[in-house]
Amino acid sequence: MKILIIGGKGTIGKRVVAALESEHELIIGGRKNADVEVDIADSSSIEAMYKQVGKVDAVICIGGEAKWAKMKDLSEEDYYIGIRSKLMGQVNLVRQGVQNLNPNGSFILSTGILADDPVPMTSSAAMVNGAIHSFAQAAALELEEGKRLNVVSLGLVADSADKYKDYFPGHNPVPMDEAVNAYIKALRGRMNGQIIRHYR
């Protein structure tokens, strides 16, 4: 398969790339040092990316950002960081990419445990994750030609545990092979409109 992976050089992305690169043609998208440059917060950048890569069999997004801070300290503009990047960035990857996705192709978006089990300082990130879940479930109903749309929602992953453990007290890290398998399940399975949750 020809697979476009946005965020393929990140903590989770590089593990997914390593698992898929021997069997598939991978195109890594990112803001820098990537096969194709893209800023998912900018719809014109997404359009240019799709023109460059052409038809693909799958689009996997393991990117997007949102601001973490106490709600009392978040401005309206702070919330728009997550809305423009992680939410609308992934929405636009689907909306603008439908014509680039081959029949029976697959969109795989990424969220996380905050949609279901938020912690302090994550009102923006949790909001965005929940919105992506609802979008994917609804948009999947309208896809044609066997195209699919699913979301991988992970808990705290092992490779980030040391960095984020203070934010997630008592959470058991998800081993990286299990995190990768969630994306492989979405890619190779036949589910559509599903939120593939893997928490511990």
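Predicted model: local features only at pLDDT ≥ 70, side-chain atom pairs only at ≥ 80, totals over all residues.
Residues are numbered from 1 along each chain as its sequence is written. Local features need pLDDT of at least 70, side-chain atom pairs count only at pLDDT 80 or more, totals for chains, interfaces and linings use all residues, and side-chain values use heavy atoms, without hydrogens and water.

I begin with the helices. Helices, of at least four residues (H or I), and strands, of at least two (E), are DSSP runs numbered from the N terminus. The axes of H2 (residues 43-53) and H3 (residues 76-95) come within 10 Å and cross at roughly 35 degrees; such axes are lines fitted to C-alpha atoms over the stretch in contact, with angles from 0 to 180 degrees between N-to-C directions. Ser43, Ile46, Met49 and Tyr50 of H2 meet Gly89, Asn92 and Leu93 of H3, where contact means heavy atoms within 4.5 Å.

Lysine 32 is exposed, at a relative accessible area of 63%; buried means under 20%, exposed over 50% and partly exposed in between, with a 1.4 Å probe and protein chains only. Its C-alpha atom is separated by 9.8 Å from that of lysine 9, 23 residues apart along the chain.

Finally, the pocket. On a 1 Å grid over the protein atoms alone, a pocket is an open set of points with protein on both sides within 12 Å along at least five of seven lines, and lining residues have an atom within 4 Å of a point. Among the 44 residues that line the largest pocket, Ile62, Gly63, Gly64, Glu65 and Lys86 are the closest to its centre. S2 gives the largest share of the lining, three residues.

Conventions
1 Å grid on protein atoms, 1.4 Å probe; cavity = no way out; pocket = protein on both sides within 12 Å on 5 of 7 lines; lining within 4 Å.
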